Amino acid sequence: MKLLSLEVHNFCQHRHEEVDFHGRLNAFLGHNGSGKSNLLVAALGALTGDFSRTNGKKADNICQFADDDEPSYVKLTFQHGGHTATVQRGLRGKQSYFQIGGVGATADDRIRGDKASTAAVADLLGVSTQMLNEYVFVEQGEIFAPLAAKPAERARSFQKLFGVSRAEKCWEALGEFLIRFRDRDRTALPELDA
């Protein structure tokens, strides 16, 4: 998954921010309380519908300076598997949707609602919201927490995230081949006396 852009409107301390992500490395710089972490929470919330890392419920994240009739949402555009997708989560009302497609996509192409959007994101990414919460978006100070998981659980998670299950099968097959090759060469070589 490659994040392309994030828009937040009346989210936490942000009245309106638009962030275009660079194709490689991105960094948010600012004073304490300026909303750096909340931008990451917004991206995660857009993907999963889970805003519990801030104030718990979506509506609790509405900017305190927003009027009651002002829209409040987070909107994330990302690429994955050759598709460009946009997911928006409304913090009040029914503003949530998921849409695959770029410039030519219309409002008729949208999947509406929080649960349907979450399912569509999980389907496109091929990982659960739990995987996104635990391994993709980790909180400050929790960067090594995934490594504390039980080895079998951690291995399954990394296989799912990085698609290494096929690589593991190839590695095992290569190991078996090398063992057979080694054993074959040992029988073909004459015994050497020391």
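Author: Strands count as paired when DSSP finds at least two bridges between them. Keep that cut-off in mind. The model discussed here is predicted.

Reader: What makes β1 and β2 a pair?

Author: Six bridges join strand β1 to strand β2, residues 14-20. The rule asks for at least two, so the two strands pair. They run antiparallel. One example is Leu-6, whose bridge partner in β2 is Val-19.

Reader: How do you know that β1 pairs with β3?

Author: Apply the rule again. Seven bridges join β1 (residues 2-11) to β3 (residues 73-80), against a cut-off of at least two, so these strands pair as well. They too run antiparallel. Leu-3 has Phe-78 as its bridge partner in β3.

Reader: Why is Cys-12 called buried?

Author: Its relative accessibility is 14%. Buried means under 20%, so Cys-12 qualifies.

Reader: Which value does the phi of Asn-10 take, and is the residue buried or exposed?

Author: Phi of Asn-10 is near 55°, a positive value in a residue other than glycine. Asn-10 belongs to strand β1. Its relative accessibility is 0%, under the 20% limit, so Asn-10 is buried.

Reader: How do you know that the length of helix α2 fits its residue count?

Author: Helix α2 covers residues 114-125, which is 12 residues.

Reader: What makes one side of α2 a buried face?

Author: Start with the buried residues: Ser-117, Thr-118, Ala-120, Val-121, Leu-124 and Leu-125. Viewed down the helix axis, they fall within an arc of 165°, so they line one face of α2. Lys-115 and Asp-123, on the other side, are exposed. After α2 comes Gly-126, with a positive phi near 75°.

Reader: Why is the contact between Glu-70 and Arg-15 called a salt bridge?

Author: The N to O distance is 3.6 Å. The cut-off is within 4 Å, so the pair counts. Glu-70 lies in the loop between α1 and β3, and Arg-15 in strand β2, so the contact ties together parts that are 55 residues apart in sequence. Arg-15 has a relative accessible area of 36%, between the 20% and 50% limits, so Arg-15 is partly exposed.

Reader: What makes Asp-114 and Arg-89 a salt bridge?

Author: Here the N to O distance is 3.2 Å. That is within 4 Å, so this pair counts too. The pair links distant parts of the chain, 25 residues apart: Asp-114 in helix α2 and Arg-89 in strand β4. By this rule the count comes to two salt bridges.

Reader: Which of these two residues is buried, and which is partly exposed?

Author: Arg-89 has 1% relative accessibility, under 20%, so it is buried. Asp-114 has 28%, between 20% and 50%, so Asp-114 is partly exposed.

Reader: Which elements have the lowest and the highest mean pLDDT?

Author: Helix α5, residues 165-188, has the lowest mean, 70, and β3 the highest, 93. The chain averages 79, and 77% of the residues score at least 70. Where pLDDT is low, the predicted coordinates should not be read in detail.

Terms used:
Residues are numbered from 1 along each chain as its sequence is written. This is a predicted model: local features need pLDDT of at least 70, side-chain atom pairs count only at pLDDT 80 or more; totals for chains, interfaces and linings use all residues. Side-chain values use heavy atoms; hydrogens and water are left out. Helices (H or I, at least four residues) and strands (E, at least two) are DSSP runs, numbered from the N terminus. The expected span of a helix is 1.5 Å times one less than its number of residues. Buried means under 20% relative accessible area, exposed over 50%, partly exposed in between (1.4 Å probe, protein chains only). The arc is that of the directions from the helix axis to the C-beta atoms. pLDDT is the predictor's confidence in each residue, from 0 to 100. A salt bridge is a side-chain nitrogen of Lys or Arg within 4 Å of a carboxyl oxygen of Asp or Glu.
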